[in-house]
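Subject: Structure handover

Hello,

Here is the structure I promised to pass on. Please open it first, then read my notes below.

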Amino acid sequence: MLHKEQITNHSTDGHNETFVLNLGPQHPATHGVLRVKMTMDGEYITRAEPVCGYIHRMHEKMGENRTWAQFLPNTSRIDYLSAMHYTHAFVGAVERAARIEVPPRAEFVRVITSELNRISSHLVWFGAYLLDLGGFTPLLYAFDDRERILDLLEGLTGARLTYCYYRFGGLCNDVDEDFINGTRDFVHYMRPRLKMYRALVTDNIIFRKRLENIGIIDAEMCRKYGATGPVIRGAGTPYDVRRLEPYSVYDAFDFDIPHYPEGDCMARYLVRMEEIEQSLRILEQAVAKLPDGPHIGKVPRMIKPPAGDYTYAVEAARGRMMVRIVSDGKEIPYRVKLRTPSFANLSLFEEASRGMLLTDALALMGSLDLVIPDIDR
Amino acid sequence: MTAAPLEELIAVFRAMTESDNTEQEVSGWDEGAASSRESVAVVDHDANGWHLDVSIPLDRLVEAAGVLDREEFAFDTITGVDWIAAGDMEVVYDFFHPGRFLRVVLRVRVRREQPEVPTILHVFPGAGWHERETHDFFGIRFSGHPDLSPLLLPEDADYHPLRKDFTGVA
Amino acid sequence: MSIPEPFRLASFVVGIMAFVGLNAAYLVWVERKGAGRFQRRPGPTEVGYAGLLQPIADAVKLMTKQVIVPPGADATLFRLAPVLIMTPAMMCFTVLPFGETLTATDINLGLLMIFALGSINVMAIMLGGWSSRNKYAIISSARVVSQNVAYEIPMLLTVVTMLMVTGSANLNQIVQQQAGAFWNWNLFNLAANPLMPVTFVIFFICMLAETNRAPFDMAEAESELVAGAFTEYAGMGFGVFFMAEYANIVVGCSLATVLFFGGWQSPIGVLPGVWWFLLKLYLLIFTVVWIRWTFPRTQFYGLLNLSWKILIPVSLATVVSTAAVMKVF
């Protein structure tokens with residue numbers, strides 16, 4: 001763990017002396033390289049300005065100098081914790097553009113793998129958030145559960161984190177019995193674990209005092225900033241791309257959209273914990289209803305979508321992820337735009353954290369579930 | 001998808017763009033040619049991913065954003081596109097509705113030599129960061145924006161990487 | 001055979017320093033193994049059998065690091081702070097009764113002395129943070145001072161209760177009063193103080209807060225303030241702060257053992273001695289470690305609210321109830 005901070009200027013602000021505290025790019029609480037310049041009045045924040053760009057790799061430019069298929073590995077690296085969703089968005093956009101049919105078996109497997117990825121991403125968030133709050137132990141319990149998902153997906157795709165499993169028209173390879181049985185076992189294993197987390201963490205009085213009524217973000221702020229995912233669902237609006245802009249075969253499944261009206265950190269926490277429960281429901285149904293058939297459809301050798309612009313949105317673990325592609329009929333994209341959820345979720349931090357205490361602002365930032373490569377791309 | 005709000009929006013935007021074209025499905029599209037697209041077009045969501053496509057003149061942009069704000073749309077993203085062959089830059093604004101299945105796209109076009117677009121930050125504060133990013137990548141100036149300093153590029157960057165004539169940091 | 005006084009004192013001084021050093025080093029091992037097992041992993045296993053030589057490896061590493069004094073830091077105070085934090089902890093050990101005849105100095109005001117020395121602890125952390133001239137350290141010092149001041153009050157109130165119950169501030173006498181089987185221990189002495197278990201719980205919580213242990217470790221809240229007051233200390237300077245924290249825990253748990261659990265008295269009434277003292281001591285220390293790895297951290301104002309709004313009124317209530325019971329019965 002690196003300990004680095006810089007002391008910057010000291011300014012006198014009327015009768016208040018404020019100083020600038022730098023939550024530097026290297027800091028235990030910012031998950032990734034994010035710098036937050038905080039102007040503090042004692043323990044209160046008068047202005048918190050996030051400075052990003054430390055891990056900006058310019059994926060959008062990379063989208064302009066390789067073929068459509070060659071861009072697929074890039075999609076996993078944008079948000080490495082929920083990589084399947086990002087690949088899904090890009091693959092979906094190209095399939096929409098080139099009017100490629102995806103066989104039902106492939107769609108079902110896409111749903112299964114996406115939901116498994118959502119659970120593993122939420123488990124990482126859960127552990128890391130508690131680490132921020134000072135409870136070191138749940139991180140390792142969550143990672144224990146996550147190992148099972150990673151083992152399943154490694155057996156299927158060959159990768160533990162940055163999967164590149166979807167192809168235009170379907171999947172890279174078909175699923176086998178081991179994966180189906182493993183998913184079924186995982187669902188049975190995970191349900192009691194969620195009960196344990198509820199007893200040990202959610203009902204813990206110290207934890208509740210840290211999160212209740214802290215960091216209120218209301219639905220109007222979410223709308224103006226484009227914040228989506230658990231942020232807007234924790235503010236009372238049941239907006240989920242899977243329900244309101246259905247894609248793939250999500251309308252074949254019966255699941256709830258958890259949402260809470262309070263808008264505080266606790267609401268966002270509960271939304272994510274219940275999303276894990278709902279993902280388990282979707283997994284059960286998908287595994288039971290998995291149809292037979294081919295795992296990939298008829299796809300031309302070199303994809304050249306017709307000229308035009310197309311979008312495809314998915315519900316990633318952090319919120320609404322949309323890909324907008326502009327094609328000029330060639331095998332190389334003209335423009336690839338990645339609309340990532342953490343970018344919008346962080347943009348409201350400056351307004352939401354005004355006047356908060358440092359501890360509470362960090363609890364708020366953790367509850368936004370930021371992955372910095374998602375912001376910077 | 002509820003038809004009523006869509007029709008109201010079509011009427012409002014048509015009045016704004018002074019267009020009296022009849023509705024037409026848009027699926028194909030020529031590179032760089034601005035005039036081949038209707039100003040206000042209904043789009044098939046399965047084909048492209050949104051419902052309403054509005055090409056708006058620069059001076060009505062903030063007003064159009066205000067219309068969407070009143071209809072309780074949420075701000076999605078801003079995409080810049082460099083049409084170097086036509087000498088234009090296009091800025092595409094995406095909006096989604098958090099309560100119903102409705103997606104709207106606003107487009108503006110500016111010349112490449114003088115890319116200036118009014119900011120919609122005062123209507124949708126979330127646009128602040130997206131406009132900074134578009135400025136970083138394309139050099140489009142958003143007039144009225146309080147701070148167009150680089151968001152993702154280094155603080156002293158004076159190049160714009162997503163322009164089609166960008167060949168590397170000189 | 002009685003040993004001449006200077007030799008007895010010298011052997012005690014050496015013994016205490018060895019005990020403190022060994023405890024500070026091996027409590028780190030207990031903490032890391034405990035943390036590991038609570039988190040479903042083994043903890044250190046590489047160095048020595050079951051990682052038992054790990055503290056020695058850590059000590060060697062810390063001693064070979066360069067001790068950096070940041071430019072602009074107040075050099076005298078910066079170097080003074082680690083000394084100032086270790087000395088009172090060691091001095092408290094001189095009055096603790098480890099066994100029937102194992103007390104370095106048997107003074108009548110042993111209890112008072114421990115609390116007097118404990119207050120110096122706060123000043124040392126504050127000096128360390130303030131002299132570093134580092135914003136994170138200064139915020140941490142301010143938090144430590146307000147936290148410790150807030151928690152000293154209920155602690156002293158519970159000690160006043162115990163003074164009323166035992167009638168003496170001499171720690172050896174307090175232990176001797178609890179002779180017999182375990183129901184004679186002060187913890188179960190409900191005749192004198194009907195709220196005795198409450199008193200113990202308050203004492204334990206205050207002890208956790210005074211030693212800056214989680215869930216009250218705002219001073220070194222890692223994920224917010226990097227390392228808090230100790231951010232600028234490198235090498236053995238940091239090592240001394242670390243050791244002092246464990247020494248303070250040992251002092252606090254020893255005091256709890258003496259006051260509430262009968263010190264070196266055995267629970268079955270036979271064979272009292274130092275081994276019972278050590279057993280009870282280490283069980284309490286294990287509980288302290290257990291609590292650290294189970295709970296998240298409170299917010300700063302939550303901590304202070306707990307002290308001022310809950311612990312002080314409750315400890316005042318125990319004082320009053322003890323006084324009432326003693327007067328009436």
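In chain C, helix α1(C) meets helix α2(C) through C:A25, C:Y26, C:V28 and C:W29. On the α2(C) side, the partners are C:Q54, C:P55, C:D58 and C:A59. By class, this contact has six nonpolar residues, one polar and one charged. Please keep in mind that this is a predicted model.

How do the two helices cross? α1 of chain C covers residues 5–38, and α2 of chain C covers residues 54–63. Their axes come within 9 Å and cross at roughly 120 degrees. An angle over 145 degrees would count as roughly antiparallel, and 65 to 115 as roughly perpendicular. α1(C) and α2(C) are therefore oblique to each other. The crossing of α1(C) past α2(C) is right-handed.

Helix α7 of chain C spans residues 196–210, and helix α9 of chain C spans residues 236–260. They pack at an angle of about 165 degrees. Their axes lie 10 Å apart. The cut-off for roughly antiparallel is over 145 degrees. α7(C) and α9(C) are therefore roughly antiparallel to each other. This crossing, of α7(C) and α9(C), is right-handed. α7(C) brings C:F200, C:F203, C:F204, C:M207 and C:E210 to the contact. α9(C) brings C:G252, C:A256 and C:F260. The contact of α7(C) with α9(C) divides into six nonpolar residues, one polar and one charged.

Now chain C as a whole. How many helices and strands does chain C have? The count is 11 helices and zero strands. Along the sequence, the pattern is α-α-α-α-α-α-α-α-α-α-α. The C-alpha trace of chain C spans about 65 × 50 × 45 Å along its principal axes. For 329 residues, a compact globule would have a radius of gyration near 20 Å. Chain C has 20 Å, which agrees.

Chain B holds a sheet. Five strands form an open sheet in the order β1-β2-β5-β4-β3, with mixed pairing. Which strands of chain B stand at the edges? They are β1 (40–42) and β3. Each has a single partner strand, so one side of each is left without a neighbour in the sheet. From one strand to the next, the twist averages 20 degrees.

β1(B) runs antiparallel to strand β2 of chain B, residues 52–55, and three bridges join them. Within this pair, B:V40 stands opposite B:V54 in β2(B). Helix α4(B) packs on the sheet and touches β3 and β4 (88–96) of chain B. The direction of α4(B) makes about 10 degrees with that of β3(B).

Last, the contact between chains A and B. Chain B gives 27 residues to the contact, and chain A gives 34 residues. On the chain B side, β3 (74–83) and α4 (127–138) each supply at least two residues. β3(B) gives the most to the side of chain B that touches chain A, with six residues. That side of chain B has 15 nonpolar, eight polar and four charged residues.

Best wishes

Definitions and conventions: Residues are numbered from 1 along each chain as its sequence is written. Chains are lettered from A and ligands numbered from 1 in the order in which they are written. This is a predicted model: local features need pLDDT of at least 70, side-chain atom pairs count only at pLDDT 80 or more; totals for chains, interfaces and linings use all residues. Two residues are in contact if their C-beta atoms, placed from the backbone, lie within 7 Å. Helices (H or I, at least four residues) and strands (E, at least two) are DSSP runs, numbered from the N terminus. Ala, Val, Leu, Ile, Met, Phe, Trp, Tyr, Cys and Pro count as nonpolar, Asp, Glu, Lys and Arg as charged, and the others, Gly among them, as polar. Axes are lines fitted to C-alpha atoms, for helices over the stretch in contact, and angles run from 0 to 180 degrees between N-to-C directions. Angles under 35 degrees count as roughly parallel, over 145 as roughly antiparallel, 65 to 115 as roughly perpendicular and the rest as oblique. A crossing is left-handed if the near helix is turned anticlockwise from the far one by less than a right angle, and right-handed if clockwise. Two strands pair if DSSP finds at least two bridges between them. The radius of gyration is taken over C-alpha atoms; the globule rule is 2.2 Å times the number of residues to the power 0.38.
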